[in-house]
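Good morning, and thank you for coming. I shall present one protein chain and ask you to follow along in the display as I speak.

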Amino acid sequence: MSQPMVPATRSRLPLRRRPAALLATATARLIVTLRPHRIRRILSVVRRGAAPATTEQALASREAVIAVSARCAGEGCLQRSVATALLCRMRGVWPDWCTGVRTAPFRAHAWVEVDGLPVGEPHRPGEYQRMMVVSAALPEERRPERRP
């Protein structure tokens, strides 16, 4: 994506938390090489069965990803957002994964959000027109019906 960004401050991550963050980051690195519709399909399958993430859970995952990857701490917003979502999923939750654009000036960006608010991002809600979303909850019309 083309979101200019100053590299985020990277904190030290405890050794016991590094393997999961490294696995999510490495997996995201492979996923982001795919075409957009494939990325969306993979993330849609991965998120199945997960509970919606809280802001704290999503922010903790984002910070862990940034701590283990210089690319994710800088301009790698697509990899950072996918890795954050994957790390959340490893913990049994899922944030809304989003990509979008703005036109003045043109910029593309990828991020995660909870309750419609970007998590750990410098931009304001609504600054980017969302183009692709893998939501934490299934849309109403696609939810299976419960029988009494």
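Let us begin at a turn. Strand 4 and strand 5 form a hairpin with two residues between them. In that turn, D115 has a positive phi of about 55°. Please keep in mind throughout that this is a predicted model.

Read along the sequence, they follow the pattern α-α-β-α-α-α-β-β-β-β-β. The chain has 148 residues, and buried residues make up 42% of them. Among the contacts with a separation of 6 or more, 69% are accounted for by residues 24 or more positions apart.

Let us take the neighbours in turn, starting with strand 3 and strand 4. Strand 4 covers residues 106-114, and eight bridges join strand 3 to it, with the two running antiparallel. A hairpin connects strand 3 to strand 4 through two residues. T103 has F106 in strand 4 as its bridge partner. Further along, V101 has A108 as its bridge partner in strand 4.

On to strand 6, which spans residues 129-134 and pairs with strand 3 in the antiparallel sense over five bridges. Two residue pairs can be found here: C98 stands opposite V133 in strand 6, and T99 stands opposite M132 in strand 6.

Are these strands covered or open to the outside? Strand 3, residues 96-103, is mostly covered, with six of its eight residues buried. In strand 4, seven of the nine residues are buried, so this strand is largely enclosed by the rest of the structure.

Is A108 buried or exposed? The cut-off for a buried residue is a relative accessible area under 20%. A108 has a relative accessibility of 12%, and therefore counts as buried. The C-alpha atoms of A108 and M131 are separated by 9.8 Å, although these residues are 23 residues apart along the chain.

For contrast, consider I42, which is found in helix 2, residues 36-46. Because its relative accessibility is 30%, I42 counts as partly exposed. Leaving aside its neighbours within four places in sequence, I42 is in contact with I31 and L34. I42 and V134 are 92 residues apart along the chain, and their C-alpha atoms are separated by 9.9 Å.

My last topic is empty space inside the model. As a general principle, rolling a probe the size of a water molecule over the atoms shows where empty space is left. How many cavities of 30 Å³ or more does the count give? The count comes to one, and the largest cavity has a volume of about 30 Å³. Its lining consists of R62, C77, R80, S81, T84, A110, W111, V112 and E121. The elements that give two or more residues to this lining are helix 5 and strand 4. Helix 5 provides the largest share, with four residues. By class, the lining of the largest cavity has four nonpolar, two polar and three charged residues.

To close, I would ask you to take away two points. Thank you for your attention.

Terms used. Residues are numbered from 1 along each chain as its sequence is written. This is a predicted model: local features need pLDDT of at least 70, side-chain atom pairs count only at pLDDT 80 or more; totals for chains, interfaces and linings use all residues. Side-chain values use heavy atoms; hydrogens and water are left out. Buried means under 20% relative accessible area, exposed over 50%, partly exposed in between (1.4 Å probe, protein chains only). Two strands pair if DSSP finds at least two bridges between them. On a 1 Å grid over the protein atoms alone, a cavity is a set of points where a 1.4 Å probe fits but cannot get out, and a pocket is an open set with protein on both sides within 12 Å along at least five of seven lines; lining residues have an atom within 4 Å of a point. Grid points are joined across faces, edges and corners, and a volume is the space filled by probe spheres set on the points. Ala, Val, Leu, Ile, Met, Phe, Trp, Tyr, Cys and Pro count as nonpolar, Asp, Glu, Lys and Arg as charged, and the others, Gly among them, as polar. Contact means heavy atoms within 4.5 Å.
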